[in-house]
Amino acid sequence: MGKSLVIVESPSKAKTINKYLGKNYVVEATVGHVKNLPRNKINIDLENGYIPTYDVIDGKEKVIKKIKDLAKVSESVFIATDPDREGEAIASDIADEVIKVNKNIKRVLFNEITKTGVANAMKSPLDIDEKLVESQMARRVMDRILGYKVSPFLWKSMYFGLSAGRVQSVALKLICEREEEIRNFKAKEYWSIFGTFSKPSGNSKPFSAKLYKINDDIMKYNGDEPCIHNIDEAFKILENLRNNKFKVTDIQVREIKRNAPLPFTTSVLQQTASTKLGFAPKKTMMLAQKLYEGVEIKKGEGNVGLITYMRTDSTRIGEDAKKMANEFIVKNYGEEYVSNVVRTNGKKAVKAQDAHEAIRPTDVMMLPDDLKKLEKNLHALYTLIWQRFVSSQMTPAVFDQKAIFIKAINPKGEKTEYIFKATGRTPKFLGFLKVYEDFVEEQTNGNDEDDLSIVPDDINVDDMVKAASIGKEQHFTSPPARYTESSLIKQLDALGIGRPSTFAMIVTTVIDRKYVDLLERKLYATVLGIQVNKILQEYFPDVINTQFTAGMEEELDTIANGENTYKKVLDEFYLPFKRDLETAEAAAPEIKKSLIEKTDIKCPECGEETGAVMLKKWGRNGLFYTCEKYPKCKATLSIDLSSNEPKIAEGLKCDKCGADMVEKTGPYGKFYGCSNYPKCNGIKPITLGIKCPKCGKGEILERRGGKSRRIFYGCTNYPECDFIENGIPVIQDCPECGNNYLIKKTTQKDGDFLYCTKCKHKEILKPENAEAK
């Protein structure tokens with residue numbers, strides 16, 4: 001007895017903590033969860049209070065035994081898993097095992113892994129928060145019920161292997177709705193009128209201004225009324241402005257302030273790291289975890305935790321941290337840069353994670369410039385967090401904004417009044433911008449009339465200005481922007497869906513399931529994703545919707561703060577879900593039938609003989625065409641899901657009719673068939689682009705034969721040329737005879753080797769060279 005045991009999840013976290021605690025403590029890591037629901041069954045008693053039964057994770061028996069052995073000889077046991085709901089659940093699972101050998105168990109929360117943070121936490125141990133554990137268990141049980149009940153329904157309705165999730169399916173719904181908005185969007189044409197003006201004197205700098213008002217109508221430069229609708233209206237305005245004189249009628253100067261951004265929450269960190277650094281949310285959280293758990297700054301001094309806990313939806317800053325930041329700002333920038341205003345993000349502070357602070361550096365004196373030896377991505381993320389935190393404690397940036405209004409004076413006395421407007425802005429006091437440039441869109445209420453330009457200082461009211469040019473420009477309204485990973489997280493956060501620990505996983509899941517494609521950092525709903533979402537929205541409208549899911553997040557919070565019970569919250573979820581599920585399961589066979597579409601494409605194998613056509617069906621590889629005579633005929637055709645049509649062979653035309661060729665699949669492998677089939681039955685083989693070494697006329701292609709449908713290589717000139725080879729053809733010169741055609745083979749004795757068909761030379765390939773060239 002004498003020593004105490006401290007249990008954490010991560011070995012790197014254990015290493016950092018061990019440095020601060022000293023020789024009277026033993027720090028042991030569980031490497032994540034020790035128990036979980038089994039993969040192969042639901043393991044939840046749905047009839048008796050939704051009680052889950054957890055199993056020890058494979059391989060964790062030794063971990064639990066070691067922890068129990070250490071606990072048995074320890075004076076006290078401190079469980080220091082992460083300070084959130086998931087960490088509390090892990091702590092509870094560990095305590096259930098440890099209590100069998102040591103009842104002196106305490107919970108400690110390390111919001112930052114520094115000497116001070118660890119010491120303070122150890123001085124204030126807590127009991128495990130059973131309400132928080134129940135809240136996390138309710139989330140886990142909800143996710144398990146929906147996943148393990150809806151996924152089999154999707155298998156029966158479409159094909160095996162599909163999945164649904166309580167939150168991932170709502171994220172998919174948002175992406176599909178945006179996809180539909182974009183597809184249904186109809187662009188509206190509108191025009192802008194702009195001019196370049198200057199004072200008549202030669203030294204005056206020219207400046208640009210936009211047509212701001214026609215009579216009493218302020219122009220809308222987003223396609224809304226009033227606007228210039230077409231080129232005829234634009235030409236008419238230009239004609240009316242011809243030979244006009246222009247006079248400055250008003251100059252408005254006002255001071256505007258731009259507030260410093262709040263310190264990072266998890267979702268905003270993920271969004272900003274995506275925008276500024278190009279990091280995926282999953283990568284951001286992986287790097288943030290390392291910065292929290294500790295990295296080595298100086299060789300031989302051990303790990304140092306550089307940031308506070310990175311899963312939080314709070315923007316709160318502790319008094320000590322605020323004092324530390326203020327001292328740094330005064331010393332480096334001056335007292336006038338210190339903000340004494342306490343701001344929040346306006347959200348209700350009832351969430352469990354609001355017990356944490358915002359994400360911030362553990363020590364503001366750890367300057368990014370002093371940590372350049374950090375790995376590149378770690379340094380970039382730390383710099384972002386440091387700059388955001390310091391700037392959040394600084395005063396607003398102040399600008400002088402000047403607007404110049406120019407009236408067109410028509411020599412013919414035209415009654416229509418045209419007013420141009422130029423807006424310029426000059427910095428008066430940089431404030432937080434000294435540290436952090438926060439790129440934000442200017443708030444112009446959807447208009448572009450406040451486009452900023454350089455406005456000269458020597459312009460006064462009643463000055464006459466000359467127009468160097470008056471021009472027009474065509475515009476079209478834009479569809480809603482596709483979600484990016486960061487903007488989807490922002491939307492989920494705004495709707496109250498998900499939690500800091502789940503945002504990155506939600507996005508990753510819908511991409512991994514192939515429901516969504518990530519192309520050029522934008523999220524596109526796939527044909528599969530759209531179909532799955534359509535089915536889920538039709539049969540599970542009560543539980544897979546934004547309002548219900550956000551409401552459930554709030555209900556989970558009420559379990560954590562003791563306002564509600566585990567069973568009541570689960571009843572509110574499960575009872576409406578059960579009704580939807582019963583209806584859906586009864587409809588599954590009909591859904592599957594409805595998704596089979598009969599086409600007018602004749603089967604390329606038996607169509608001429610039997611008149612059979614192809615059916616469009618869903619299979620494990622997505623949509624495909626299959627013969628209606630299956631299993632007698634096993635012909636299939638692949639479909640490009642992006643176009644929902646057979647894949648076109650670019651640049652390849654049918655020799656018989658000149659139509660495009662499409663990629664098809666038959667019992668003997670892939671081939672190109674005429675897109676005009678069955679009117680034209682032209683076909684071409686898909687070859688390797690290698691001349692046949694035997695006849696020199698045909699090309700080598702992959703074929704399948706025999707009952708086992710084994711792969712072999714033959715000549716396109718068959719049956720005139722009977723060349724057959726089991727190995728893979730390779731274009732490479734033989735070192736013995738110069739023959740440029742070799743065969744790659746594999747035997748148990750020699751492994752991979754190249755074999756010359758002409759002189760029989762054999763060259764054994766090293767593992768790194770074993771790929772066929």
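Reader: Is Trp155 buried, partly exposed or exposed, and at what relative accessibility?
Author: This is a predicted model, where local features need pLDDT of at least 70, side-chain atom pairs count only at pLDDT 80 or more, and totals for chains, interfaces and linings use all residues. Residues are numbered from 1 along each chain as its sequence is written, and side-chain values use heavy atoms, with hydrogens and water left out. Buried means under 20% relative accessible area, exposed over 50%, and partly exposed in between (1.4 Å probe, protein chains only). Trp155 therefore counts as partly exposed, at 32%.

Reader: What kind of pair do the rings of Trp155 and Phe160 form?
Author: Rings of Phe, Tyr and Trp (its six-membered ring) pair if their centres lie within 6.5 Å; planes under 30 degrees apart count as stacked, over 60 as edge-to-face and the rest as tilted. The structure holds 20 aromatic pairs. For Trp155 and Phe160 the centres are 4.6 Å apart and the planes stand at 55 degrees, so the pair is tilted.

Reader: How many residues apart are Tyr212 and Phe405?
Author: Their rings form an edge-to-face pair, 5.6 Å centre to centre with 65 degrees between the planes. Both residues are buried. Helices (H or I, at least four residues) and strands (E, at least two) are DSSP runs, numbered from the N terminus. Tyr212 is in strand β10 (residues 207–214) and Phe405 in strand β15 (residues 397–409), a separation of 193 residues.

Reader: Why does the pair of Asp462 and Lys247 tie together separate parts of the sequence?
Author: The two form a salt bridge, with the closest N and O atoms 3.8 Å apart. Lys247 counts as partly exposed because its relative accessibility is 29%. Asp462 lies in the loop between β16 and β17 and Lys247 in strand β12 (residues 245–258), so the linked parts are 215 residues apart in sequence.

Reader: Which residues are linked with Glu9 in a network of salt bridges?
Author: Glu9 forms a salt bridge with Lys13, the closest N and O atoms being 3.3 Å apart. Glu9 and Lys13 are both buried. The network links Glu9 with Lys13, Asp82 and Arg311.

Definitions and conventions: A salt bridge is a side-chain nitrogen of Lys or Arg within 4 Å of a carboxyl oxygen of Asp or Glu.
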